[in-house]
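Thanks for making the time this morning.

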Amino acid sequence: MTDVDELLSVIVPAYNAQEWLPQCLDSILVQTYRNLELIVVDDGSTDGTGELCDGYALRDPRVRILHVPNGGPGVARKTGLDSSGGGWVAFVDSDDWVDSRMFEVLIAAAHEHGADISGCVPCNERPDGSRWSNFSDCSSGPVSGKRCNLDILYQTGHAWGAVWGKIYRREIFDGIEFPSLSNLEDYVVMTRVYDRVPKIWFSEEQLYHHCLREGSLSSGGFSRSKIRSIDAAETIRKYFADGHAGAEMLGGADSLVLRMYAQMLWLWRKAGSPDRHWVLQERRAGAIKALGRFIRNSRKQRGDGKLVAILLLSIL
């Protein structure tokens with residue numbers, strides 16, 4: 001497909017993933033794009049993940065394993081990135097898998113269209129075998145970093161905010177930190193990445209398979225750690241405010257902050273968490289401030305009234 005043969009570093013953070021990790025790693029090692037290194041970061045696993053990874057390294061010289069103390073997926077990704085040697089980098093989650101043509105297709109597209117990021121459609125998969133995509137109405141073509149950021153901030157159906165499912169010129173990440181959050185850490189990273197890149201190439205092919213498993217960080221339900229999604233949204237807003245972003249981008253950030261307050265506090269309320277009094281005391285002032293900024297600054301969308309009502313029910 002292409003004469004380009006640059007080294008691609010594929011980084012997989014893995015924590016207690018021995019059940020599904022083989023499918024992930026096998027799908028990377030059979031890529032039609034052969035000039036790659038696979039860096040698996042064993043993020044302090046307590047099951048057999050570490051030993052499983054070591055076995056792969058013994059069988060394939062392209063595999064390197066980094067055993068590190070548990071720090072979360074963001075820290076694990078940054079550890080792998082710092083250790084990488086490729087001019088291109090990609091991230092794959094340990095419970096996902098990729099089509100055998102994915103990296104060949106994306107690198108060819110990046111070179112053909114002069115893009116520093118090239119990505120594809122994620123196919124979402126549940127354990128019952130059901131599949132769907134939020135991008136079925138999209139066609140291949142260029143998209144601006146600004147457009148990608150506004151989709152993330154306003155949470156449109158085309159929010160393309162995960163770090164996986166794409167390849168990147170490695171230098172894009174220079175100076176960008178990966179936060180030690182367990183929720184929305186991808187958004188914190190990707191809003192900064194998109195802010196640096198004028199053009200991204202979007203492929204309509206479904207080449208990345210995102211598996212929604214019971215108990216995964218991306219699955220539904222309530223946990224105390226999910227409250228930190230609010231902190232991640234506030235971090236994103238601060239980035240745009242400190243960078244003197246235009247009114248359109250800052251209004252989008254205010255919309256995301258409001259959404260996270262409403263969704264996370266409502267999950268807390270429904271779960272009947274024993275931390276309810278701590279959460280209310282800790283978050284009420286921030287929620288009221290976020291509501292005021294949203295009313296003043298954000299572009300209003302269908303469903304915003306429901307979000308505001310949910311927020312008020314949660315804090316009053």
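I will take the cysteines to begin with, and then the ring pairs.

Please keep in mind that this is a predicted model, in which local features need pLDDT of at least 70 and side-chain atom pairs count only at pLDDT 80 or more, while totals for chains, interfaces and linings use all residues. Residues are numbered from 1 along each chain as its sequence is written, and side-chain values use heavy atoms, with hydrogens and water left out.

How many disulfides does a search of the whole structure find? The search finds zero, where a disulfide is a pair of cysteine sulfur atoms within 2.5 Å. Cys 24 is in none, since the nearest cysteine sulfur, that of Cys 211, is 9.2 Å away. Cys 24 is also buried, at a relative accessible area of 0%, buried being under 20%, exposed over 50% and partly exposed in between, with a 1.4 Å probe and protein chains only.

Turning to the rings, the count is nine aromatic pairs; rings of Phe, Tyr and Trp (its six-membered ring) pair if their centres lie within 6.5 Å, and planes under 30 degrees apart count as stacked, over 60 as edge-to-face and the rest as tilted. One of them joins Phe 91 and Phe 178, a tilted pair at 6.0 Å centre to centre with 50 degrees between the planes. Phe 91 is buried at 1% relative accessibility, and Phe 178 is buried at 7%. Tyr 168 and Phe 173 are edge-to-face, because their planes are at 70 degrees, with centres 4.9 Å apart. Ring pairs link Phe 91, Tyr 168, Phe 173 and Phe 178 into a cluster.
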